[in-house]
Amino acid sequence: MANTKSKAHKRRGYTAADKRAIKIHLTALCDMGCIPCFIVDQVSVAGVHHIRQGLGMGQRSSDLRTLGLCYEHHQSEARDHVSIHGKPKLCRFLFSTELDLLTHTLDQLYPDGIYPSEYTEKIVDELNSYR
C-alpha cells in the first residue's frame, strides 16, 4: 500500500524544505499540548487533529491546518469528556470552532507572526492564510 501522506505532499507541490518546515511545525504543535486544555490552564500531551471544517467529502486537510488535541478532547466518547469527534456540538459551544482554535494556536506558537527561520515562504504564506 502506498504512503498517502507523500502523495498529498506531492499534490500540494511541497519541496523537501517545505516538508522539513511542516515537521518542525507539527513537533511544535505537539510540544505545546492540547489547545482546549491550554485555554483552561491545564497541561496535557497532544496528538495532531486535521481540521475538516470547510472541506468537502474525501478532501484531506493540510498538515498545517491542524490542532494539538489530547485524547479526551480528540476522540474520547466517555460521558464526562468533551471531544471534537465524540461531542462536536458541545465542543464548539465550549471552545468555539476548530478554525478559531487554529487561530488561537498560531497566535500562541508564533506571536506577532514571527516564524522560525527554517520555514519557507510557501509555509509562512499558508500559515498566515489561517489567521
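Q: Where does aspartate 112 lie, and is this residue buried or exposed?
A: Aspartate 112 lies in the loop between H6 and H7, where helices are DSSP runs (H or I) of at least four residues and strands are runs (E) of at least two, numbered from the N terminus. With a relative accessible area of 76%, aspartate 112 is exposed; the classes, taken with a 1.4 Å probe and protein chains only, are buried under 20%, exposed over 50% and partly exposed in between. The model is predicted, with local features needing pLDDT of at least 70 and side-chain atom pairs pLDDT 80 or more, while totals for chains, interfaces and linings use all residues. Residues are numbered from 1 along each chain as its sequence is written, and side-chain values use heavy atoms, leaving out hydrogens and water.

Q: What is the phi of aspartate 112, and what is that of aspartate 41?
A: Most residues other than glycine have a negative phi. Aspartate 112 has a positive phi near 60°, and aspartate 41 likewise has a positive phi near 60°. Aspartate 41 sits in the loop between H3 and strand E1 (47-50), and this residue is exposed because its relative accessible area is 72%.

Q: How many helices and strands does the protein chain have, and which pattern do they follow along the sequence?
A: The secondary structure comes to seven helices and two strands, and read along the sequence the pattern is α-α-α-β-β-α-α-α-α. Of the 131 residues in the chain, 38% count as buried.

Q: Which residues of the largest nonpolar core touch the most other members?
A: A nonpolar core is a set of buried Ala, Val, Leu, Ile, Met, Phe, Trp, Tyr and Cys residues joined through side-chain atoms within 4.5 Å. The largest one here has 27 residues, of which Leu64, Leu67, Tyr119, Ile123 and Leu127 touch the most other members. At least two residues of this core come from each of helix H2 (16-32), H3, strand E2 (66-69), H6 and helix H7 (121-129), and H2 gives the largest share, five residues.

Q: Is lysine 23 buried or exposed, and how far is its C-alpha atom from that of leucine 64?
A: Lysine 23 is in helix H2, and its relative accessible area of 62% makes it exposed. The C-alpha atoms of lysine 23 and leucine 64 are separated by 9.5 Å, although these residues are 41 apart along the chain.

Q: How many disulfides are found?
A: A disulfide is a covalent bond between the sulfur atoms of two cysteines. With the criterion of cysteine sulfur atoms within 2.5 Å, the count is zero. Cysteine 37 is in no disulfide, its nearest cysteine sulfur being that of cysteine 34 at 3.7 Å. Cysteine 37 is buried because its relative accessibility is 5%, whereas cysteine 30, at 26%, is partly exposed.
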